[in-house]
Amino acid sequence: MKRVGWKCSFSLVLVLGALLLAATPLSARQAPASAATPGISKALNEKLTQLDKDVKAAQSAGDNAWMLVSAALVLMMTGPGLALFYGGLVRRKNTLAIMMQSFALMALISIMWALVGYSLCFGGNGPVIGSFEHAFLRGVGADPNPDYAGTIPQATFMVYQLMFAIITPALITGATAERMKFSGTVLFLALWFLFVYAPLAHMVWGKGGFLNAVGGKFPCQDFAGGTVVHISSGVSALVCALYMGKRTGYPKQPMPPHSLVLSFIGACLLWVGWFGFNAGSALAASSLATSAFVATHFATAAAALGWSAAEWLKNGRASALGAISGAVAGLVAITPASGFVGPMPALAIGLIAGVVCYLMVTKVKAIFGYDDALDAFGVHGAGGTIGALLTGVFAQQVINPIFGAGKPVGGLDGHWSQIGNQLVGVLIAWGFALVGTIVLLKITDLITGVRVPEEHEIEGLDVTQHGEEAYNLES
């Protein structure tokens, strides 16, 4: 009887439990599972957010490392690259003087850049010149400036651009070699940096610039400095050579390079350093940097062969001086185009530049009789002009869709009017360099004078300007 009662009680409990379960809403029965879902989603979102941060941090670290290396490579182009290249091309008695000019500019322009130079080039958004918002490097730190390079610290971008500002005026010293006062060189190039380089840099690369490739009135494609660096310095070099007159004894007295070995080493350093100059201008460790690297190398090789072939046809042999001069001409010409053209157009640009610059140095200079001592105009002025114009012909959106995906960039894309924009950029660079250099030379001449006395020139600038000699030949 008791067993029957226990079974009845147990059955009653089961029935009541079933009735209660049936009466409970489905949402209530699933509550524990639903309560756990927001926790899982929150954890997943946090992990995805952290992953995104880690990816961006890795990209920033890679880009920053490449840009710091590129900055060092560009500085190497001035010292030791340009210093050795120019140092070997002058006579022995002027070796230290020309090298000292490059070295002095490494220090002088660095200080001026920190005080006002960077701000004038990359501050504000005016059409011609920047502002003083970054004077004394105010606001330039670890945070990126998205207007220029969104994945690297602005301080990295700043110091990278500084190296361009250093080498540009140093190129001019090739035309004034062996006859310009050191004091005059320092004053003139300090003024030139402020009143010629800074406006051109802002117009072409600065936000809101008149020639800026993105948004400028005349979008000039200048990836790494064809107009800003080479045309400006090359044309200014020609003006300086004409203003100062010929070296004593030129051209009747032979003035061969005193050490082609130094110049050869310098040219090789320039070739290597130029990868930082051009590929670094991608401002990231990206496929565009690779493209610019490749274009730079092929153009340089083609120009070296082009100059050597032209020389061989004329003289029956190819010289070491001609080969290294051709290489530099190719580096100059590909600079504005490096981030816009493929390997085959780069070969064409280099070959054309090698031959044309050879003719400028051997034929045109002889016809007009100016004394551009180390051919700064024949290589940089002419090569930069050729490269800037050919950029408009060969630029392609498949390499750099700077105007937007699918939009034509240069002549090969059918956008032939880009050549007109390039021409405007070339003319403005020529105009700024011509007028600015004449005015600044006049000011410098009034304050310090620009040319050493004839007896100092004959004795040599190493002794008369610096009180020392490059070589002690005493046994």
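Me: Is R179 to be read as buried or exposed?

Reply: A residue is called buried under 20% relative accessible area, exposed over 50%, and partly exposed in between, using a 1.4 Å probe and protein chains only. With a relative accessible area of 0%, R179 is buried. R179 belongs to the loop between α5 and α6 (182–205); helices here are DSSP runs of H or I with at least four residues, and strands are runs of E with at least two, numbered from the N terminus. This is a predicted model, in which local features need pLDDT of at least 70, side-chain atom pairs count only at pLDDT 80 or more, and totals for chains, interfaces and linings use all residues. Residues are numbered from 1 along each chain as its sequence is written, and side-chain values use heavy atoms, with hydrogens and water left out.

Me: Which residues does R179 touch, not counting those up to four places away in sequence?

Reply: Contact means heavy atoms within 4.5 Å. By that criterion R179 touches A241, M244, G245, K246, R247, D371, A373, V450, R451, V452, E457 and L461, residues up to four places away being left out. M244 is 65 residues from R179 in sequence, yet their C-alpha atoms are 8.2 Å apart.

Me: In which helix is Q154 found, and is Q154 buried or exposed?

Reply: Q154 is in helix α5 (residues 154–176). Its relative accessible area is 5%, so Q154 is buried. Beyond four places in sequence, Q154 is in contact with Y118, H134, G139, V140, G141, A142, D143, P144 and N145.

Me: How does the span of helix α11 agree with its number of residues?

Reply: The expected span is 1.5 Å times one less than the number of residues. Helix α11 (residues 343–368) has 26 residues and should therefore span 38 Å; the end C-alpha atoms are 36 Å apart, which agrees. After α11 comes G369, with a positive phi near 75°.

Me: Which helices do the buried residues of α11 pack against?

Reply: They pack against α9 (287–315), α10 (320–334) and α12 (376–394). The buried set in α11 consists of P345, A346, I349, G350, A353, G354, C357, Y358, M360, V361 and K365. By contrast, L359 of α11 is partly exposed, given its relative accessible area of 38%. The C-alpha atoms of L359 and G378 are 8.5 Å apart, across 19 residues of chain.

Me: At roughly what angle do the axes of α11 and α12 cross?

Reply: Two packed helices are described by the angle between their axes and the distance between the axes. Axes are lines fitted to C-alpha atoms, for helices over the stretch in contact, and angles run from 0 to 180 degrees between N-to-C directions. The axes of α11 and α12 cross at roughly 150° and come within 9 Å. Residues making this contact include I349, A353 and M360 of α11, and F377, A382 and I386 of α12.

Me: What kink does α8 have?

Reply: The kink in α8 is about 30° and is centred on V272. Helix α8 (residues 260–278) has 19 residues and reaches 26 Å between its first and last C-alpha, close to the 27 Å expected at 1.5 Å a residue. Among its buried residues are G266, L270, W274 and F277.

Me: Where does phi take a positive value in a residue other than glycine?

Reply: Most residues other than glycine have a negative phi, and most peptide bonds are trans. F136 has a positive phi near 60° and is in the loop between α4 (95–122) and α5; with a relative accessible area of 62%, F136 is exposed. D375 also has a positive phi near 60° and is in the loop between α11 and α12, but D375 is buried, at 17%. As for peptide bonds, the one from G79 to P80 is cis, with omega near 15°, and the one from Y250 to P251 is cis, with omega near 5°. P80 is in helix α3 (residues 31–89), whereas P251 is in the loop between α7 (226–244) and α8.

Me: What pLDDT does the protein average?

Reply: pLDDT is the predictor's confidence in each residue, from 0 to 100. The average is 92, and 92% of the residues score at least 70.

Conventions:
Bend = angle between axes of the 7 residues up to and from the residue.
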